[in-house]
Amino acid sequence: DNKENNIMADTKQIKIKLVKSLIGCSPAQRKVAQSLGLSKTDQVVEHYNSATIMGMVNKISHLVEIVG
């Protein structure tokens, strides 16, 4: 039963919104945003909640927010 709960948590999708412009950011931060699928301000993308995605969000946490 515990394993089923972990699987369900991993398949939950999160919405990530780019709230600040990429102007003035380092090239590495731009690549992270691009690989998340974010290119324009106020753009929202959906990704599965995984350690990889959350690590990317943490790298550019000052530029993005998790929506709903």
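Strand 1 and strand 3 pair in the antiparallel sense, over four bridges. Strands count as paired if DSSP finds at least two bridges between them. Helices (H or I, at least four residues) and strands (E, at least two) are DSSP runs, numbered from the N terminus.

This is a predicted model, so to speak of a local feature takes a pLDDT of at least 70, and side-chain atom pairs count only at pLDDT 80 or more, while totals for chains, interfaces and linings use all residues. Residues are numbered from 1 along each chain as its sequence is written, and side-chain values use heavy atoms, with hydrogens and water left out.

Zoom out and you'll find an open sheet of three strands in the order 2-1-3, with antiparallel pairing. Strand 2 (44–48) and strand 3 (64–67) are the edge strands, each pairing on one side only. From one strand to the next, the twist averages 35°.

Helix 3 lies across strand 1, strand 2 and strand 3, and runs at about 20° to strand 1. That angle is taken between N-to-C directions, from 0 to 180 degrees, using lines fitted to C-alpha atoms (for helices, over the stretch in contact).

Which residues of helix 3 are buried? They are Ile53, Met56 and Val57. Because they cover an arc of only 100° around the axis, they end up on the same side of helix 3; the arc is that of the directions from the helix axis to the C-beta atoms. On the other side, Ala51, Thr52, Asn58 and Lys59 are exposed. Buried means under 20% relative accessible area and exposed over 50%, with partly exposed in between (1.4 Å probe, protein chains only).

## The nonpolar core

The largest nonpolar core has 16 residues, and among those with the most contacts inside it are Ile16, Leu36 and Ile53. Strand 1 (13–18), helix 2 (27–36) and helix 3 (51–59) each supply at least two of its residues. Such a core is a set of buried Ala, Val, Leu, Ile, Met, Phe, Trp, Tyr and Cys residues joined through side-chain atoms within 4.5 Å.

## His47

His47 belongs to strand 2, and its side chain reaches the backbone oxygen of Leu36 at 2.6 Å. Setting aside neighbours within four places in sequence, the contacts of His47 (heavy atoms within 4.5 Å) include Ile16, Leu36 and Ile53.

Terms used
Polar contact = N/O pair within 3.5 Å; in protein donor to acceptor, adjacent residues only side chain to side chain.
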